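Take a walk through this structure, one part at a time. Keep the sequence and the 3D view side by side as you read.

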Amino acid sequence: MEVITITPRGYCKGVVNAIEIAKRTRKQHPHDKITILGMLVHNRFVVEALQKYQIYSVDTDKKTRYELLDEIDEGYVIFTAHGVSERVVNKAKAKGLKIVDATCEYVSFIHTLIKEKLDEGYTIGYIGKKHHPESEAVLEISDKVHLIETEDDLTFTNEKLFFTNQTTLSSYQTAALYESIARKYPHALISNEICSATRCRQQAVMKLERADAFIVVGDPKSHNTQKLAQLAQNKADHVFCVENLEALLKEDLHAFQKVAVTSGASTPTKITQQIIHYLQTEEIIPLKTEDVI
Ligand code: SF4
């Protein structure tokens, strides 16, 4: 079997930074309670590895970050790479929690940009995914920030319009939506803020000529992993989105001559390496929970 390893793939700068911040907080405060508001990154193996450091997450799809804060009563709270709104920051402060902010710099930049445009009198159209923590934080900035998921949401009548987006969307689908926006609102300002890590990983998938099968390694909850898997469908008839080697071993890959591998920005490097090594040699490198971060 020929194994094509797509580059770049895996951990982005924002994820590496968030994990380092969490580990450093534990080192500096060995006896304090440390809780992550949500999943530090969307990967359950990272969450499990952090538990080995006595760092726990509160997370459920049904609650917002603001509501989840009710479950943290003491110690340090870590805000994830996806960012939080000022409302969440203020509630954490009011509860007497010590704040550690692991928001990715690309996300912080979007918050600053939107606040600037609101001050200038713009109404904001934000392309994003409903209930995703990154969108949730941005939508809480002001009721003048409106979520756009499809063209049907383009119902603005305002004069001054500013459009931007979530960092981890498909750069191809977002570009198509921006074309519609530019046609419908020719005077609107547009700032495409798909982060460079997301864009480069997607472009690398699209550069591949063709493979018999494409393996995308990542957590099914990870938005950027989902987008890579969608793009991979253009390049192979068989796409397997798997969270680890155990999941891949359930698939029958023997019929494939040429297999491509990539991974989402929140996928631990060691998990992807273990899969690539297995595909190349059929050997399994043992991996302990704490080894993945
Ligand atoms: S995917 Fe992009 S925005 Fe999200 S943490 Fe990574 S670098 Fe930051």
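Helices (H or I, at least four residues) and strands (E, at least two) are DSSP runs, numbered from the N terminus. Residues are numbered from 1 along each chain as its sequence is written. The model is predicted, so local features need pLDDT of at least 70 and side-chain atom pairs count only at pLDDT 80 or more, while totals for chains, interfaces and linings use all residues.

Start with one residue. Y185 sits in the loop between helix 7 (171-184) and strand 9 (189-190). Is Y185 buried or exposed, or partly exposed? A residue is buried if 20 or more other C-beta atoms lie within 10 Å of its own, exposed if 12 or fewer, and partly exposed in between, with C-beta atoms placed from the backbone. Y185 has 17 C-beta neighbours inside 10 Å, so it counts as partly exposed. Set aside its neighbours within four places in sequence, and Y185 is in contact with F156 and L161. Contact means that the C-beta atoms of two residues, placed from the backbone, lie within 7 Å. Y185 and L161 are 24 residues apart in sequence, and their C-alpha atoms are 8.1 Å apart in space.

Now turn to H82. This residue belongs to the loop between strand 4 and helix 4 (86-94). H82 counts as buried because it has 29 C-beta neighbours inside 10 Å. Leaving aside neighbours within four places in sequence, H82 is in contact with V107, P133, E134 and A137. Along the chain, H82 and E134 are 52 residues apart, yet 4.7 Å separates their C-alpha atoms.

Step back to the whole chain. The protein chain is divided into domain 1 (2-11 + 197-292), domain 2 (13-105) and domain 3 (108-194). These bounds come from an automatic or database domain assignment. Between the C-alpha centres of domain 2 and domain 3 the distance is 26 Å. Their contact takes 11 residues from domain 2 and 9 residues from domain 3. What classes of residue does domain 2 turn towards domain 3? The side of domain 2 that touches domain 3 has 1 nonpolar, 7 polar and 3 charged residues. Here Ala, Val, Leu, Ile, Met, Phe, Trp, Tyr, Cys and Pro count as nonpolar, Asp, Glu, Lys and Arg as charged, and the others, Gly among them, as polar.

Two strands pair if DSSP finds at least two bridges between them. Follow the order across. Strand 2 (residues 34-37) pairs with strand 3 over 4 bridges, and T35 stands opposite Y56. Strand 2 is also joined to strand 4 by 4 bridges, with I36 opposite I78. Strand 4 and strand 5 pair over 4 bridges too, and V77 stands opposite I99. Strand 4 is covered on both faces: Y76 and I78 are buried on one side, V77 and F79 on the other.

Look now at another group of strands. In strand 12 (residues 258-263), 5 of the 6 residues are buried, so this strand is largely enclosed by the rest of the structure. Strand 1 (residues 2-5) pairs with strand 12 in the parallel sense over 4 bridges. I4 has A260 as its bridge partner there. Strand 10 (residues 213-217) also runs parallel to strand 12, joined by 5 bridges. In that pairing I215 stands opposite V261.

Helix 9 (residues 223-232) has 8 of its 10 residues buried, so it is largely enclosed by the rest of the structure. Among the buried ones are H223, K227 and L231. Their cover includes helix 8, strand 10, strand 11 (238-242) and strand 12.

Finish at the ligand. Which domains give residues to the shell around the ligand? Domain 1 and domain 2 both do, so the ligand lies between them. By class, the shell has 9 nonpolar, 5 polar and 1 charged residues. Helix 1 gives the largest share, 3 residues.
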